[in-house]
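Open the model in your viewer and keep the selection panel at hand. The tour goes from domains to helices, then to the ligand and a few single residues.

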Amino acid sequence: MATFQILTFGCQMNVNDSDWLANVLLAHGHHRTDQNAAQCIFLNTCSVREKPEQKVRSTVQQILNTRKQNPPELIAVLGCVAQQLGEDFFALSPRLRLVAGPDGLPKVPGLVDELLAEPQLKISLLDFTKSYEEREEGLALPTGPTAYVNIMQGCDNFCTYCIVPFTRGRQKSRSFSAIMAECRRKIALGACEITLLGQNVNAYGCDRHAQQARARGEDFPSFAQLLREIAALPGLKRLRYTSPHPKDMREEDIAAFGCLPALCPQLHLPLQSGSSRVLARMGRGYDRERYAELVRGLRHVRSDLALSTDIIVGFPGENDADLEATLSLMEESQFLSSFSFCYSDRPGARAVTFLDKIPKDLQHARLIRVQNLQDELQKQLLQQRVGTSTEVLLETPSRRWTRAGYAWQGRDPYGTLVHVAFEQEGEHQGELVAAHITEAGSHCLFAHRETANDRNDR
Ligand code: SF4
């Protein structure tokens, strides 16, 4: 049996994949240990951020440098960057002997013993599968109060700045029965909040794979039907999903926020730009007006809905008026938070060929304007909640509480991190508590457990 460590880069889907890999390796009898001692090191990579290839190369180099006396027997590169660069990574080191793209991941645990037994063996798993491949279940470990469930792989959209459809392949929706079985399993293991994951999560059931399954008579619901089925599972208190695509947001998806009590009033809806001209060049499939209409529709159904978003500044050809359009739509949408980045080329993406690139210093100046506005919006929105009550799902003891006393932290239905003070020390993981908000931080809220006095004051 071997010892292993997994280093994860990137989004929640990658974190979820790494959790699955660790769980199955444990089920196979391997042991997790320190990065400086592990026989096998897995790098689960992401191609969304800038210069991902260099990041993988420098991490491998750093491992080899710090472990000259006891080098790992196996280094594996997994995920999107492995898919992109493939066997080129083998040249980095004789210890780097496994590359596996996202669709090759399910086979990885079964190859570890073979690779350790044959030190010359190198394996690449880079083929895309035709349908969503179910994975080995692994150990039935307690999940904690929150859990993630994958409902699809890949993407069919080909936004001009993105290479995900090339690194994760075309969209493949997971079967309804497998999703429901995993949700039930996670609830039985302790989860009361589930977040559904997918690159384009609300396009669930719209891909060719799902259509073929329906034609064969298989039960393949729409995204809204799937939400209804999961929300009704006994034991589930909260349901979220990420990330939806604005162009795939249907009336029934919007209506779900008004009729499914378990569906949290929180949505991460990637905007990317507030300029219709830039959105068209990005190939996003919606314009400014459509996005604004969606926000109005969502708030009509749930006026308290907390919205967050992604924004790219400095996309090729973006001018000052385009930036102003982004800023004004941010204000109109009242985003609680956003992830904002400067555009940069991803080799293989269509926008690489666009000639009207924006200079780096101008991109950064625009990014600061976006981030300053976001900070201001967040501050105002959090401040408005002081004096109100909320419900917090407690996950861990709080590290941010600065005053005397005991505190736990967790998320409220809006996805905001809340630190809740208790009068006495105690174990609270998994408790849903009513909390009275006393103070707003820059990115979180401070509260105490709600008392009868707080309720009388309302
Ligand atoms: S929707 Fe666009 S940005 Fe998102 S993964 Fe697909 S191609 Fe990339």
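How far apart do the C-alpha centres of domain 1 and domain 2 lie? They are separated by 28 Å. The model is a predicted one.

**Domains**

Colour the chain by domain: domain 1 covers 3-125, domain 2 covers 142-264, domain 3 covers 269-384 and domain 4 covers 389-457. Now show domain 1 with domain 2. Nine residues of domain 1 are in contact with nine residues of domain 2. On the side of domain 1 that touches domain 2, helix H1 (12-27) and helix H3 (80-85) each supply at least two residues. That side of domain 1 is made up of three nonpolar, five polar and one charged residue.

**The ligand**

Select the ligand next, then the residues that surround it: Cys-155, Asn-157, Phe-158, Cys-159, Cys-162, Val-164, Pro-165, Gln-199, Asn-200 and His-245. Six residues of this shell are nonpolar, four are polar and none is charged.

**Helix H8**

Select residues 223-231, which form helix H8. Its buried residues are Phe-223, Ala-224, Leu-226, Leu-227 and Ile-230. These cover an arc of only 155 degrees around the axis, so they sit on the same side of H8. In an α-helix there are 3.6 residues a turn, so residues three or four places apart point the same way.

From E11, step into the loop between E11 and H9, where Ser-243 is found. The peptide bond from Thr-242 to Ser-243 is cis, with omega near -10 degrees. Most peptide bonds are trans.

**Helix H11**

Move to helix H11, residues 288-301. Its 14 residues reach 20 Å from the first C-alpha to the last, close to the 20 Å expected at 1.5 Å a residue. Which residues of H11 are buried? They are Arg-288, Tyr-291, Leu-294, Val-295 and Leu-298. Look down the axis of H11: the buried residues fall within an arc of 125 degrees, and therefore line one face of the helix. Turn to the other side of H11 to find Glu-289, Arg-296 and His-300 exposed. The cover over the buried residues of H11 includes helix H9 (251-259), strand E12 (266-268), helix H10 (276-282), strand E13 (306-313) and helix H12 (320-333).

**Two residues with positive phi**

Select Gln-272, in the loop between E12 and H10. Its phi is near 75 degrees, a positive value in a residue other than glycine. Is Gln-272 buried or exposed? Gln-272 is buried, because 25 other C-beta atoms lie within 10 Å.

Then go to Gln-334, in the loop between H12 and E14. Phi of Gln-334 is also positive, near 50 degrees. Gln-334 has 15 C-beta neighbours inside 10 Å and so counts as partly exposed.

**Last stops**

Phe-341 is in strand E14 (residues 337-342). With 17 C-beta neighbours inside 10 Å, Phe-341 is partly exposed. Draw a distance from the C-alpha of Phe-341 to that of Leu-64: the two are 277 residues apart along the chain and separated by 31 Å.

Finish at Pro-71, in the loop between helix H2 (52-66) and strand E4 (74-79). Leaving aside neighbours within four places in sequence, Pro-71 is in contact with Leu-64 and Arg-95. Pro-71 counts as partly exposed, with 15 C-beta neighbours inside 10 Å.

Terms used:
Residues are numbered from 1 along each chain as its sequence is written. This is a predicted model: local features need pLDDT of at least 70, side-chain atom pairs count only at pLDDT 80 or more; totals for chains, interfaces and linings use all residues. A residue is near a molecule or strand if its C-beta atom, placed from the backbone, lies within 6 Å of it. Ala, Val, Leu, Ile, Met, Phe, Trp, Tyr, Cys and Pro count as nonpolar, Asp, Glu, Lys and Arg as charged, and the others, Gly among them, as polar. Helices (H or I, at least four residues) and strands (E, at least two) are DSSP runs, numbered from the N terminus. The expected span of a helix is 1.5 Å times one less than its number of residues. A residue is buried if 20 or more other C-beta atoms lie within 10 Å of its own, exposed if 12 or fewer, and partly exposed in between; C-beta atoms are placed from the backbone. The arc is that of the directions from the helix axis to the C-beta atoms. Two residues are in contact if their C-beta atoms, placed from the backbone, lie within 7 Å. Domain bounds come from an automatic or database domain assignment.
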